[in-house]
Amino acid sequence: MSPGPINSVVTDKRLHAPTLVLFVLWAAAAAAQSASLSITVTDENGVAVPSARVFLETPNSPPLRCQTDFAGRCHFPLSASGTYQLHIEKEGFYELVQPSVQVTQNSALDVAISHQQEVREIVNVLESPPAIDPAQVSSQQSLSGLDVVNIVYPATHDYRNVLHFIPGVVQDAGGQPHVAGAQTYQTLTLLDGFNVTQPANGQLLARLSTDAFRSIQVEPSRVPAEYGKGSAGVLLLNTGIGDDHFRFAGTDFIPSLQQKHGWRFDQFLPRLTFSGPLRRGKMWFYNAFDGEYDNIVFKELPVHADNDHLLRLGNLSKVQTNLTSRNILTTSFLVNHLHDQYAFLSPQSPQLANPKDVESTYVASIKDQHYFAGGQLLEAGFAFDQYNVRFTPYGTDSYFVAPTTSGGNYYLADETKARRWQALSNLYLPPHQWHGRHDFKIGIDLDRIAYDARFSRQPISFLTATAPVPLQGETCLNAPQDKNFPCTRYSTFTDAPLHYQYNAEASAYIEDRWLVTDRLLIEPGLRLDWDEIIRTPLFSPRLAGTYVLDNSGNTKFSAGIGLIYDATPIFLIARPFAGTRQDTFYAIDPTCTATTGCVATTGPVDTTFTVNPHTLQAPRFLNWSLALEKKLPAAVYLKAEFLEKRGTHGFVYNTLPTATTGDFLLQNTRADRYDALQITLRHNFRGTYMLMGSYTRSRVHSNQALDFNVDSPVLSPQQPGPYPWDTPNRFLSWGYVPFFKLPVIRQTELAYSLEARTGFPFNLTNDQQQLIAAPGSQRFPEYFSLNLQLEKRFHLLGYYFALRGGFDNLTDHQNPFFVNSNIDPLHPSPTFAAFQGRSFTSRIRLLGRK
């Protein structure tokens with residue numbers, strides 16, 4: 001071996017040794033100066049807060065920004081150790097500022113931010129300011145718990161009435177909400193994460209105190225794959241929990257009087273909330289009770305037979321236990337009870353013509369959340385809900401319906417029970433870096449639904465406009481058939497014995513929040529649904545995203561498209577077992593002078609319903625939307641959005657092609673269309689004050705707009721038309737602001753709400769209940785209502801109180817709630833009634849101890 005190369009190698013090592021040493025020393029110094037900070041954000045009860053805005057600042061450099069992931073975590077790689085200022089914001093929480101945070105290599109920091117509450121006095125906390133959230137992909141309209149309390153609206157004891165003041169949500173005459181023009185059962189409604197729609201018919205019947213909410217959110221479009229079974233989107237009802245301080249509050253604990261047929265009791269609407277620790281730092285409880293006792297009086301009815309007594313009780317109880325710092329268990333139980341002495345009482349329906357209505361609701365849930373050291377979050381939960389309804393008539397006198405009144409005893413006695421068992425699990429994975437940050441989420445949802453019902457009906461006599469009130473026991477069958485024959489139609493029914501209907505549902509999803517850059521966020525997702533009635537796997541792809549147009553984050557563009565399948569409503573599947581109807585029609589010859597033979601009879605005509613589950617498909621909707629959000633001068637936030645929905649294969653009962661009677665078959669021939677352009681302006685003041693205004697131009701239309709059932713007397717073939725809650729033009733505004741700053745009326749607030757919209761559509765029928773014009777061809781008058789109230793806060797006997805008073809419908813605009821749409825010789829045009837006039841309302845609240 002030649003020694004030359006060896007020597008040369010030794011010489012090179014000696015020459016580069018100093019350089020290598022210097023490099024090692026420099027790298028060590030650089031490593032000592034570099035640092036990182038991992039922050040975990042929770043609320044005051046240790047629950048992770050996702051999508052919180054986190055800012056890290058030093059005096060001589062721009063702030064670093066980050067948003068927390070599903071587990072409330074946020075990571076900052078830093079160029080140097082040192083002292084930083086930490087600032088955390090999220091709407092609905094108080095902002096957190098820590099001016100001096102020491103950061104070294106691989107630092108970790110756990111911080112807690114508190115939910116916003118109704119502040120009694122000025123304290124040294126600030127609400128998180130509103131901001132355009134780049135992480136908010138879905139089209140979301142929300143109300144905070146304070147909004148629910150502060151907005152002025154009639155009947156503030158029912159939270160469903162405040163949903164009406166969310167743009168895009170319309171409340172029908174029966175109090176049910178309709179999101180994005182859809183039927184109520186097409187909206188997935190979640191109470192603290194669990195489905196609480198009535199399992200059989202999908203209505204929103206669960207009641208809880210309006211003081212119990214932390215927030216109410218509506219997401220009609222760009223809905224993530226986590227949510228399915230509702231083409232109208234999702235309605236999220238989020239309630240509170242206690243903390244380490246005992247709190248109590250009461251509302252409307254003083255009964256009111258009314259002057260209708262003399263001074264009489266009006267209503268008593270008490271609400272009481274109580275919360276606090278069972279074990280400080282570990283276990284908390286929350287209880288919200290609400291009650292209602294109404295004496296509903298109609299002056300059009302005779303004295304001593306003019307009122308309806310309604311009693312309703314509700315209570316929500318919750319307990320959260322932090323088994324460990326990483327394991328949180330939450331349980332809740334909601335119970336409702338309703339006793340309505342004369343349900344449906346109205347000037348056209350006297351007391352004994354209505355049934356007694358007794359209802360009860362039970363909703364129980366348990367949820368466990370576990371945070372893993374690697375950043376994963378696993379939640380699993382189980383819920384059970386049950387809805388019971390019983391209608392009981394007050395006798396067996398023959399029931400009759402005339403164009404202007406009804407009488408006898410109510411024709412229907414029924415007893416129904418609907419139940420749901422629900423199990424769900426969601427897994428949130430830690431962020432993964434690949435061409436940006438990925439936050440993955442997967443989950444499953446299993447449901448078992450049961451519905452049982454029995455119905456018993458007596459005949460109905462439909463009378464002419466000139467017919468006298470029938471004597472007891474008198475019906476169309478025993479009336480003399482002369483020219484004074486009183487009937488136009490006579491309906492009989494078959495009894496429907498107890499029937500059980502079941503369904504099982506299984507769902508799974510996967511979604512990704514892909515933060516491509518600080519400005520671009522893309523959210524793809526895929527969902528799978530199956531149920532034992534349709535028995536077809538249904539895949540629903542979703543794609544949505546946001547793009548921030550400027551460095552300041554004051555302009556955001558959002559877009560999304562998704563395929564959504566509706567859940568199978570088992571009340572339609574069970575309709576064939578609800579009984580059948582037979583109708584006999586009468587035509588009277590007014591020139592007849594004989595004592596008999598003056599009446600021509602047609603029928604009986606049978607009305608039946610049939611379902612063939614093997615031919616059914618799942619209703620599907622293709623939804624897409626575009627939105628632009630921008631912060632304007634004076635901290636005014638603008639949002640303009642366009643939404644389009646196209647539905648096919650909708651469930652509808654159609655007349656059989658070969659049928660000459662009222663035989664209906666459940667088919668998938670309904671096609672719905674909804675288009676909406678919505679513009680919203682919102683301005684927040686420091687101190688929780690707010691102004692909001694919104695205009696919506698929309699259209700909801702169906703090729704088959706009629707809903708036939710055995711209890712609906714309307715006769716017609718299926719026809720196109722609008723749905724009964726269609727409102728092409730609608731303007732909403734509400735707000736609450738300081739009234740004046742004079743010492744004598746300080747702590748006085750002005751609150752208002754305003755709605756102006758097109759009147760609802762309705763149908764015209766003749767005295768035989770046959771449709772005589774296109775569905776929805778007539779409309780109620782234009783609706784306008786301005787509600788205005790003042791609220792004064794004061795101290796008394798060591799407690800804080802808030803007294804509010806003002807007027808609903810301040811302008812006394814005549815808004816009818818009832819229409820007699822039967823057209824006959826005595827009523828050639830529709831007649832409106834039950835006008836909502838100006839009314840004075842008041843409220844008193846106990847806010848807690850001074």
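## A tucked-away glutamate

E95 counts as buried because its relative accessibility is 18%, and buried means under 20% relative accessible area (exposed is over 50%, partly exposed is in between; 1.4 Å probe, protein chains only). You'll find E95 in the loop between β5 (82-89) and β6 (96-103). Strands here are DSSP runs of E with at least two residues, numbered from the N terminus.

The side chain of E95 also has a partner: a polar contact of 3.1 Å links it to the side chain of H87. That term covers a pair of N or O atoms within 3.5 Å; within protein, one must be able to donate a hydrogen and the other to accept it, and residues adjacent in sequence count only if both atoms are side-chain atoms.

## Where this comes from

This is a predicted model, where local features need pLDDT of at least 70 and side-chain atom pairs count only at pLDDT 80 or more, while totals for chains, interfaces and linings use all residues. Residues are numbered from 1 along each chain as its sequence is written, and side-chain values use heavy atoms, leaving out hydrogens and water.

## A five-strand sheet

Next up is an open sheet of five strands with mixed pairing, ordered β8-β13-β14-β11-β12. Its edge strands, β8 (139-144) and β12 (194-195), each pair on one side only. Two strands pair if DSSP finds at least two bridges between them. β8 and β13 (residues 213-221) run antiparallel, joined by five bridges, and S142 sits opposite Q217 in β13.

## Around L786

L786 belongs to strand β46 (residues 783-796). Its C-alpha atom is 8.7 Å from that of A756, 30 residues apart along the chain.

Technical notes: Helices (H or I, at least four residues) and strands (E, at least two) are DSSP runs, numbered from the N terminus.
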